[in-house]
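Good morning, and thank you for the time. Please look at the sequence and the structure as they come up, and keep them in view while I speak.

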Amino acid sequence: MIKDPRISKFRKMLADAQNYEQWKAAALELDFLEGNAEWKEDFASDLYHYELIYDRLSNLKHYRQQNDFERLKRALREGLHHDLGNMGNPALYTRSRVGTKHLIEEYITQVCESLDYLCDHPVPGFPVYDKLQFFRDTLTSYGRPTLLLSGGAGLGMFHFGVIKALWEKGLLPQVIAGSSVGAIIAGILGVHTDAEIPEMLVPENHNLNAWKWRGLLSAIRGDGLMDQGTLKQCLRENIGEYTFEEAYQRTGRSINISVSPVQANQKARLLSGYTSPYLLVWSAALASAAVPGVFPPVTLMKKDLNGATLPYVPKLRFVDGSVVSDLPIDRLMHLYDVNFTIVSQTNPHVIPFLSDKGQDEKLSLMSLPGHLLKSEVLFHGQGVFDYLRKRVKPELLRQVSGQLHTIMAQRYSGDVTIAPDYSLRHYRHVLSNPSPEYVREMILQGERATWPKIAMIRSHARISKTLERCVRRLKQRNKRAVELKLVSSADSARP
């Protein structure tokens with residue numbers, strides 16, 4: 001079979017794309033040349049329940065055309081389910097580079113338009129307060145996405161590219177979690193509004209001097225290889241003096257930061273506006289980035305009633321959150337009704353063990369040995385370190401074994417996992433201050449790794465994002481309605 005020479009041309013354009021529009025144009029051409037455009041137009045497939053999706057789509061269209069608000073309300077309230085008809089099946093997003101079955105895309109569009117229609121149009125017997133409760137309940141039932149940013153030291157600049165790609169497509173989750181360098185970037189993102197994100201993505205707008213070498217003697221004394229004061233100054237300049245509560249009030253983003261306790265009888269904590277509202281975000285990020293041996297443990301800091309800074313639980317100290325809880329997925333599910341996880345994974349010790357950057361890859365005779373080797377290494381590694389952490393005598397070796405067991409036992413991928421392709425030169429930047437040029441390079445790499453995942457993320461996240469926007473609009477209208485009612489009551493009470 002003769003290969004079309006245009007395919008090589010567009011693949012090169014895909015690899016060299018500087019923005020999503022260039023990438024998408026090349027990807028659409030490849031979809032056409034490789035026969036995937038026809039696949040998207042054909043509704044039928046054994047990969048999802050297309051008859052169910054088609055029926056729901058037809059009903060929503062009919063109710064809107066007839067202005068049948070009651071049936072529309074019922075269809076949205078009880079008919080919206082995450083991954084309806086298996087439309088989130090990863091296999092539906094590997095055939096084509098851009099998008100998936102048109103039926104799925106049309107259904108999601110119709111759902112979002114119906115939600116906006118119900119939110120913004122006057123409905124008899126459906127006042128603003130009741131609408132607000134309806135949309136809140138529907139959002140709780142449906143769930144929402146979250147973005148988790150892993151550790152990886154200087155390699156974590158990749159996270160900024162993932163954030164940029166999601167933000168530009170309107171898919172950046174409201175719930176952000178991070179550990180180690182991911183905690184730092186989650187903190188920076190969490191104090192910036194949507195309007196400020198373009199400025200946030202300019203490297204020259206940040207203090208990039210996080211690392212200052214102190215030496216081996218300092219590490220032996222327990223003060224760390226690196227100067228923690230330099231990192232603290234960097235974080236305070238980049239994040240500011242916001243508490244978790246203040247950051248949420250400013251941006252509407254829920255920041256979540258993982259930290260690990262030094263004490264053996266304490267468990268890992270997820271610091272957030274729910275669990276520690278008065279804690280300073282920079283302090284939590286400093287603790288989460290305190291890699292044992294590189295930085296000393298951290299006493300967390302909070303604001304008191306007068307805005308003064310003082311220790312939070314003075315007798316406890318915390319270190320790198322990536323060691324025990326790199327991706328606190330279960331905790332986020334409980335706190336925020338999370339139903340879909342987007343993971344930006346940059347840990348160099350994790351990347352080699354990811355399957356196709358976290359996605360299910362097709363098993364073949366060629367890939368089977370690699371899968372078996374990875375599974376064997378993880379299985380036997382966990383067993384060895386579990387044995388050592390429980391039975392070995394030297395305390396230092398026991399602690400190290402415990403940390404290694406925890407690292408190997410964790411889950412490091414999400415429903416969508418976005419990861420870089422490392423080369424040897426990347427490892428030079430792990431413990432060095434990044435230059436603006438390096439940050440821009442990693443941002444572009446993060447964008448390029450995210451663009452192929454946009455279709456799947458959109459299918460999972462777009463309905464949740466629409467519900468969140470409806471809730472925000474209705475909260476504003478309800479607030480104005482209450483204020484008008486109070487003014488009217490005051491006027492009528494005057495003689």
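Predicted model: local features only at pLDDT ≥ 70, side-chain atom pairs only at ≥ 80, totals over all residues.

Residues are numbered from 1 along each chain as its sequence is written, and side-chain values use heavy atoms, with hydrogens and water left out.

The protein has 20 helices and nine strands. Helices (H or I, at least four residues) and strands (E, at least two) are DSSP runs, numbered from the N terminus. Of the 495 residues, 49% count as buried. Buried means under 20% relative accessible area, exposed means over 50%, and partly exposed lies in between, with a 1.4 Å probe and protein chains only. Among contacts with a separation of 6 or more, 76% come from residues 24 or more positions apart. Contact here means heavy atoms within 4.5 Å.

Let us start with helix α1, residues 5-16. Its 12 residues reach 17 Å from the first C-alpha to the last, close to the 16 Å expected at 1.5 Å a residue; the expected span is 1.5 Å times one less than the number of residues. Ile7, Phe10 and Leu14 of α1 are buried. Seen down the axis, the buried residues of α1 fall within an arc of 75°, so they line one face of the helix. The arc is taken from the directions from the helix axis to the C-beta atoms. Pro5 and Lys12, on the other side of α1, are exposed. The cover over the buried residues of α1 includes α2 (20-33).

Helix α16, residues 329-336, can be described in a similar way. Which residues of α16 are buried? They are Ile329, Leu332, Leu335 and Tyr336. These residues cover an arc of only 125° around the axis, which puts them on the same side of α16. The face turned away carries the exposed residues Asp330 and His334. Among the elements that cover the buried residues of α16 are the strands β1 (144-149), β3 (254-261) and β8 (338-344). After α16 comes Asp337, with a positive phi near 55°.

Next, a pair of helices. Two packed helices are described by the angle between their axes and the distance between the axes. Helix α5 (residues 69-79) packs against helix α7 (residues 128-142) at about 30°, with the axes 9 Å apart. That makes α5 roughly parallel to α7, a term that applies to angles under 35 degrees. Lys73, Leu76 and Arg77 of α5 meet Phe134, Asp137, Thr138 and Ser141 of α7.

Leu80 lies in the loop between α5 and α6 (102-120). Is Leu80 buried or exposed? Leu80 is buried, with a relative accessible area of 4%. Its contacts, not counting residues up to four places away in sequence, include Tyr107, Thr138, Tyr142 and Ile463. The C-alpha atoms of Leu80 and Tyr142 are 6.6 Å apart, although 62 residues separate them along the chain.

Finally, Phe295 lies in the loop between α14 (281-288) and β5 (301-303). Phe295 is buried, with a relative accessible area of 4%. Beyond residues up to four places away in sequence, Phe295 touches residues including Trp211, Met226 and Leu231.

Definitions and conventions
Axes fitted to C-alpha atoms, helices over the stretch in contact; angles between N-to-C directions. Parallel < 35°, antiparallel > 145°, perpendicular 65-115°, else oblique.
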